[in-house]
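Hi,

Here is the structure I promised to pass on. Have a look at it first, and then read my notes below.

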Amino acid sequence: MRSDEFYMHRALDQAHLAFAAGEVPVGAVVVAPDGEVLAAAYNTPVAGCDPSAHAEILALRRAGEKARNYRLDGCTLFVTLEPCMMCAGAMVHARIARLVYAAPEPRTGMVESKANLLAQPWFNHQVAVTGGVLKAPSKQLLKAFFADRRSD
């Protein structure tokens, strides 16, 4: 299997597509246990008028469709920003084995910043977490996006 950085670069490619579309630049990819990229997505809540259209949710949906199963046992989710509560919950329901994220989200991050939701003992599934993979380029992209928005 390839490195975490390899797959995070694929997620960053998706984040750049979100940026170009005027969406908050967050990208995600779901990787099967054998290293195959099952799905990739980026944020589209503005374009889709859908508050649930986060990159993670869209990638999980597409991976489930490709796998023909809503359980994504053994899969890893790579995302450029620490997930929110909704996305963390979806990972537990999908049985994602591992989450790898780039930048922390100090205001709404529910994996390490505001809470450690994935480590709660009441869940019947635990997700392993690795944070900070390609943190700098992800943060730079987010800063550029919001600086651009403020200058308008």
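Before anything else, a word on terms: I call a residue buried when its relative accessible area is under 20%, exposed when it is over 50%, and partly exposed in between (1.4 Å probe, protein chains only). Helices (H or I, at least four residues) and strands (E, at least two) are DSSP runs, numbered from the N terminus.

Two notes on where this comes from. This is a predicted model, so local features need pLDDT of at least 70 and side-chain atom pairs count only at pLDDT 80 or more, while totals for chains, interfaces and linings use all residues. Residues are numbered from 1 along each chain as its sequence is written, and side-chain values use heavy atoms, with hydrogens and water left out.

Let's start with the record. UniProt, in an unreviewed entry, lists residues 2-113 as "domain: CMP/dCMP-type deaminase". Its positions are given in the numbering used here, feature names are shortened, and annotations may be inferred rather than shown by experiment. In the model, that span is 39% helix and 21% strand, and its end C-alpha atoms lie 28 Å apart.

Now the strands. Strand β4 (residues 98-103) is mostly covered, with 5 of its 6 residues buried. Strand β3 (residues 76-81) is mostly covered too: 6 of its 6 residues are buried. I say that two strands pair if DSSP finds at least two bridges between them. By that rule β3 and β4 pair in the parallel sense, over 5 bridges. Thr-76 has Arg-98 as its bridge partner in β4, and Phe-78 has Val-100.

What sits on the other flanks? Strand β5 (residues 128-131) runs parallel to β4, and 4 bridges join the two; Leu-99 is partnered there by Val-129. Strand β1 (residues 27-31) is antiparallel to β3, again with 4 bridges, and Val-29 stands opposite Phe-78.

There is also a β-α-β unit made of β3, helix α4 (residues 85-94) and β4, and it is right-handed. Right-handed here means that, with the strands pointing away from the viewer, the path from the first strand over the helix to the second runs clockwise.

Which residue does UniProt list as "active site"? The unreviewed entry gives Glu-56, which lies in helix α3 (residues 55-67). Glu-56 counts as buried because its relative accessibility is 4%. Leaving aside neighbours within four places in sequence, Glu-56 is in contact (heavy atoms within 4.5 Å) with Val-26, Ala-28, Leu-77, Val-79, Leu-81, Pro-83 and Cys-87.

Last, helix α5 (residues 135-151). This helix has 17 residues and reaches 24 Å from its first C-alpha to its last, close to the 24 Å expected at 1.5 Å a residue (the expected span is 1.5 Å times one less than the number of residues). Its buried residues are Ser-138, Leu-141, Leu-142 and Phe-145. Seen down the axis of α5, they fall within an arc of 95°, so they line one face of the helix; the arc is that of the directions from the helix axis to the C-beta atoms. These buried residues pack against α1 (4-20), β3 and β4. On the other side of α5, Gln-140, Lys-143, Arg-150 and Ser-151 are exposed.

One more residue in α5 is Ala-136, which is partly exposed at 49% relative accessible area. Its C-alpha atom is separated by 7.9 Å from that of Ala-102, 34 residues apart along the chain.

Cheers
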